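Here is a short briefing on a model of two chains. Please keep the sequence and the structure open while you read.

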Amino acid sequence: MTTTLTPPTPPDHKQGRVRRPKAARAGGTLHAGPIAYLILALFTIGSLFPLVWTAIAASRDNQRLAETPPPFWFGSGLFDKLEIAWTDANLGEAFINTTFVAGVSAITIVVLSTIAGFAFAKLRFKGRNAMMLIVIGTMMVPPQLSIIPLYMMVAKLDWSDQLQAVILPSLVSAFGVFFMRQYLIQALPDELIEAARVDGASSWRVIWHIVFPAARPAMAVLGMLMFVQTWNDFLWPFLVLTQNGNPTVQVAVAGLGRGYTPDQSLIMAGALLGTLPLLVVFAIFGKQIVGGIMQGAVKG
Amino acid sequence: MSTGHDTAAAPPAKEGGAAPGRPPADGAPTEADQRRRARLSRRWQRDMRWSPYAFVSPFFLLFLAFGLFPLIYTGWASLHTVELTAPTDMSWVGLRNYTRIFDDDFFWNAAKNTLTIGIISTVPQLLMAMGLAHILNYKLRASTFYRVAMLAPYATSIAAASLVFVLLFGRDYGMINWALNMVGIDNIDWQNDKWPSQFAVSSIVIWRWTGYNALIYLAAMQAIPQDLYESAALDGANRWRQFIHVTLPSLRPTILFTVVVSTIGASQVFGEPLLFDANKGASGGSQHQFQTLGLYLYEQGWVNQHLGRASAIAWTMFLILIVIGIVNYVISRRLRASS
C-alpha cells in the first residue's frame, strides 16, 4: 500500500513565524481584511461554543434543558452537578487510571521514538530506507482492525480490567518515529555526532549526551500529542475495561451517557470533567502544540 | 528478530561497517596500547554495525506483537466460529462467516452508511480546512489565538463531543432546531431521519478535525517559496488565480495525504454513532440509519457475541482499505506523471 506520503514540511526553527522578505508583498503576505476576520470569528465561535455550552448545560437542571429557548447562560448548579458526576461516574479513580495510562504510554513512546528516529535520521545502515517505508506503511493500517485477536489475548492472559491491557497496544506509534526523525534530521548537526565519535563515544553515549538534549523540544511536543491521544482513546479501553469497573475517563464518561440516567445535565457535567484537563493543557501549551502539529503535519 | 544484536535477520556484512569507522587518534603506539586499540575498534565496529538495528527494533517488535500478528490472526479467526464468552475456543467453519455477513442486509446498509458518512464528513471538512488555512496564512492579529481555538475540538474526546452533540441536535429542545426555527425551518428529527442523522454524526467528525487539518495545510502553505507568488503576480495573476495556480499545485502532496488519512479515519468511525444513538444500542439508530461498519463489527462481536463473524467484517474492511490504497497509488502516479 504505497501512498505518496509526503513528508511534512521541514521543521522550522522559528516555528509559527513566517520568514518572508519585507519587500515581497505579492502573494500570501497580505494583511487580512474584515471578511477574513469575520470568517475566523465564526470558526472560532463554532469551535468553542459546544465546549462552553457543555458547561452551561451542566449548570442547569433538566427541566430547564427541556424548555425552549435553550439556555444561553450559566445557571447556579454547576459545582453541585460536577460533584455528583464525579462520584457517580467514579471519576476520581478514572482520572488516576487515565493519567497513569496516558503518562506511561506517552513517556515510553517518546523515548522509543527518539531513539528510533535518531537511527533513521542520522545513522547509516542496510535496509534503512526500506524499514522507514515500512514504518510509514504501518500508519495506513488502522489499529481497530486488530482488536479481536487482542481481545482474545487479553482473555487468555486474564488481563481484562487491567491497565496493562490498554497500555501495551498503545505503544505502537509510527507517527512518533516519523515525527522524531523529521525533527532530528534538521535539529541535530552531523558535526556534533562526528565530534563525539572522534572522542570515542559509543552510540548509547551519543544518544544520552547529544540526541536527548537536542531533541528535548520535540520530545515535549510529541509527549503532549501522545498524552492527548491516549487520554482520548475510546474503543479499545471501552472493550477491555468494563466488567468490574476500572475505567479510564472516556469509558466512565461514555458509561454516564449510556447509563439509564435521564439526567442530561449530569451527563454534560461528566463530559466537561473528562475534557477539562486537556483544555487546561491546551490553554497553557497551545502554542507549542500547534507548532508541533505543523511540524509533524501528520495525523497520529 | 530478537534483540537486534547478533540476529539472523540482519543483513550480511559485505562492506565492513557502513559508517566510517574511525579509531581514536593517537600518539606513539606501545604493544599493549595496540591490543587495547584493536579491542576497542572491534567493539566500535560492532557498535556501528548493529546499534542502529537495536534502536529501531522496539518499534518493529511492538508492531509485530500488537499490529501485524493480530491483523493476520483476524483473518484466521474469521474462518472459525468464536464466541465472545469463550474467546479461546475456535472451531473451523471455512468461509461461512463471510457468506453470513454478505447475506446480511445490515452489512450492506452499514457499508453504504460508512461511505456516505465518510463523504459527508470528509469533503466539507477538508474544503473548510483549506479555506481556513488560506485565511490563517494572511498577516493576522492574534494568529496564535485562532490556531489554538480551532484545535480545542481536537482536545475534546469522541465520547464528550458525541454526548454534547446529542443534546445540541435534540429534536424538541436542541439548540440547533431552535436556531433553525428562528429562520423559519421546522424541527428536524436528527435521530430518526436518515440523512439528518448521518449529517449529525458527520458533524461531530467535522467539528473535531477541521482545525487540525487546517493547521496541516497552513504548514504546507508556509513552505511554498515566496518567489512563486512574486512571479505569478508579475504575470498579472490576481489572488484567486495565484491560489489556483500556485498554492493548490504546491499543496497537492499534502492534500493527497490528508485525503488518505481522512479516508482511513472515515472507514473506522465507531464512537460517534455509538454514543449519538439515543436508544443506547449498537445498531446505529432504530432503523440502523447511521450504523457504520465499525459499529456493525462491534454489534456482531460484542452484542451478538460472534467474534468469528466480527473478524470476517474486520478482514473485509482491511481488504477494502487495500483496494483504496491501490486506487490512491494509481491516482497519485497519474497526477505526478501529468505534472
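Two strands pair if DSSP finds at least two bridges between them. Helices (H or I, at least four residues) and strands (E, at least two) are DSSP runs, numbered from the N terminus. In chain B, a hairpin joins β1(B) to β2(B) through 2 residues.

This is a predicted model: local features need pLDDT of at least 70, side-chain atom pairs count only at pLDDT 80 or more, and totals for chains, interfaces and linings use all residues. Residues are numbered from 1 along each chain as its sequence is written, while chains are lettered from A and ligands numbered from 1 in the order in which they are written.

**The hairpin of chain B**

- Strand β1 (residues 80-83) of chain B pairs with strand β2 (residues 86-92) of chain B in the antiparallel sense, over 4 bridges.
- H80(B) has W92(B) as its bridge partner in β2(B).

**Make-up of the chains**

- Chain A has 13 helices and 0 strands.
- Chain B has 12 helices and 2 strands.
- From the N terminus on, the elements of chain B run α-β-β-α-α-α-α-α-α-α-α-α-α-α.
- A residue is buried if 20 or more other C-beta atoms, placed from the backbone, lie within 10 Å of its own; it is exposed if 12 or fewer do, and partly exposed in between.
- In chain A, 47% of the 300 residues count as buried.
- In chain B, 45% of the 339 residues count as buried.
- Two residues are in contact if their C-beta atoms, placed from the backbone, lie within 7 Å.
- Take the contacts in chain A with a separation of 6 or more: residues 24 or more positions apart account for 78% of them.
- For chain B, residues 24 or more positions apart account for 68% of the contacts with a separation of 6 or more.

**Overall dimensions of chain B**

- Chain B has a radius of gyration of 28 Å, whereas a compact globule of 339 residues would have one near 20 Å.
- That radius is taken over C-alpha atoms, and the globule rule is 2.2 Å times the number of residues to the power 0.38.
- Along the principal axes, the C-alpha atoms of chain B fill a box of roughly 95 × 70 × 40 Å.

**Contact between the chains**

- On the chain B side, 95 residues are in contact with 102 residues of chain A.
- Helix α1 (residues 31-77) of chain B gives the largest share of the chain B side, 17 residues.
- By class, the side of chain B that touches chain A has 68 nonpolar, 21 polar and 6 charged residues.
- Ala, Val, Leu, Ile, Met, Phe, Trp, Tyr, Cys and Pro count as nonpolar, Asp, Glu, Lys and Arg as charged, and the others, Gly among them, as polar.

**Domains of chain B**

- The assignment gives domain 1 (31-77) and domain 2 (103-338) in chain B; such bounds come from an automatic or database domain assignment.
- The C-alpha centres of domain 1 and domain 2 of chain B lie 40 Å apart.
- In chain B, 4 residues of domain 1 are in contact with 6 residues of domain 2.
- The domain 1 side of that contact has 2 nonpolar, 2 polar and no charged residues.

**The largest nonpolar core**

- A nonpolar core is a set of buried Ala, Val, Leu, Ile, Met, Phe, Trp, Tyr and Cys residues joined through C-beta atoms within 7 Å.
- The largest core has 169 residues, of which L151(B) and Y217(B) touch the most other members.
- Helix α7 (residues 194-222) of chain B supplies the largest share of this core, 15 residues.
- The core lies between domain 1 (31-77) and domain 2 (103-338) of chain B, because both give residues to it.
- Not counting residues up to four places away in sequence, Y217(B) touches A129(B), M130(B), A133(B), L251(B) and T254(B).

**Residues to look at**

- R49(B) lies in helix α1 of chain B.
- R49(B) is buried, because 20 other C-beta atoms lie within 10 Å.
- R49(B) and R141(B) are 92 residues apart in sequence and 52 Å apart in space, C-alpha to C-alpha.
- K280(B) lies in the loop between α10 (271-276) and α11 (293-303) of chain B.
- K280(B) is not a glycine, yet has a positive phi of about 60 degrees.
- K280(B) counts as exposed, because it has 11 C-beta neighbours inside 10 Å.
- Q305(B) is found in the loop between α11 and α12 (307-338) of chain B.
- Phi of Q305(B) is also positive, near 65 degrees, in a residue other than glycine.
- Q305(B) is partly exposed, with 15 other C-beta atoms within 10 Å.
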